[in-house]
Amino acid sequence: MSCDPNPLDVNSAVKSKQALAYLMEWKTWYKVRDAAAISTLHAKNFMYFPEMVQMFSEHGIWSFFDFIHTDRGQPGSKCAKVSDDLLFKPEHYKDLKKMLNAVLTLKEYGALCHTSKLFIDTVIDGMSYVPNIYSWTCSGQDASWVTMDCDGSVIPCDDFSGVGMHYDMTEIYSRWDD
């Protein structure tokens with residue numbers, strides 16, 4: 001489910017609190033092995049992600065992330081109205097690398113961060129020679145995302161989603177054997 005490591009407004013705080021509550025409940029369901037929270041990291045919240053990984057790990061909940069980006073022209077993009085002050089710029093790269101390395105250290109010590117070392121290393125390496133971390137798409141990587149919002153709706157990654165694609169996590173348990 002979607003969760004913000006440092007909510008910027010009341011709506012974001014409510015969404016994140018509700019996501020944690022749903023994830024805790026979901027973990028009690030019989031056939032559900034794992035629960036996970038995804039954070040869209042941006043220039044104003046990325047430094048809080050390691051703390052989120054630690055806290056969620058203590059509850060047995062996995063964390064992973066994607067990066068906020070502008071609309072790349074994919075139909076149905078949920079990124080059509082991204083504020084420029086949330087986008088990463090080269091001046092963020094030093095601290096972003098520190099944060100990603102902190103996440104790698106947490107993973108080495110058993111924290112439940114689902115994002116692969118390969119992907120994190122790829123992002124870190126890419127910041128060294130690519131002037132823009134937004135030059136990749138998950139459709140060509142060994143990574144892909146869905147966003148599960150607090151209302152139960154599941155939104156596939158912009159690189160794959162089409163207009164009108166909708167799933168509902170609240171039906172997963174009742175339809176498990178389908």
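**Exercise 1.** With which residue does Lys44 form a salt bridge?

*Solution.* The model is predicted.
- Step 1: find the partner. Lys44 forms a salt bridge with Asp85. The closest N and O atoms are 2.8 Å apart.
- Step 2: check the cut-off. A salt bridge needs the nitrogen within 4 Å of the carboxyl oxygen.
- Step 3: Lys44 lies in the loop between strand S1 (36–41) and helix H2 (49–58). Asp85 lies in the loop between strand S2 (62–67) and helix H3 (93–108). The pair therefore ties together parts that are 41 residues apart in sequence.

**Exercise 2.** Are Lys15 and Asp4, partners in a salt bridge, buried or exposed?

*Solution.* 
- Step 1: look at the pair. The side chains of Lys15 and Asp4 meet in a salt bridge at 3.2 Å, N to O.
- Step 2: Lys15 sits in helix H1 (residues 10–26), and Asp4 in the segment before H1, so the bridge ties together parts eleven residues apart in sequence.
- Step 3: apply the cut-off. Buried means under 20% relative accessible area. Lys15 has 18%, so Lys15 is buried. Asp4 has 16%, so Asp4 is buried.

**Exercise 3.** In which helix do Lys117 and Asp121 lie?

*Solution.* 
- Step 1: locate them. Both lie in helix H4 (residues 117–129).
- Step 2: take the spacing. Lys117 and Asp121 are four residues apart, about one turn of the helix.
- Step 3: take the contact. Lys117 forms a salt bridge with Asp121, with the closest N and O atoms 2.6 Å apart.
- Step 4: Lys117 is partly exposed at 47%. Asp121 is partly exposed at 23%.

Definitions and conventions:
Residues numbered from 1 in each chain as written. Predicted model: local features only at pLDDT ≥ 70, side-chain atom pairs only at ≥ 80, totals over all residues. Heavy atoms only, no water. Helix = DSSP H or I, 4+ residues; strand = E, 2+ residues; numbered from the N terminus. Buried < 20%, exposed > 50% of the residue type's maximum accessible area, 1.4 Å probe, protein only.
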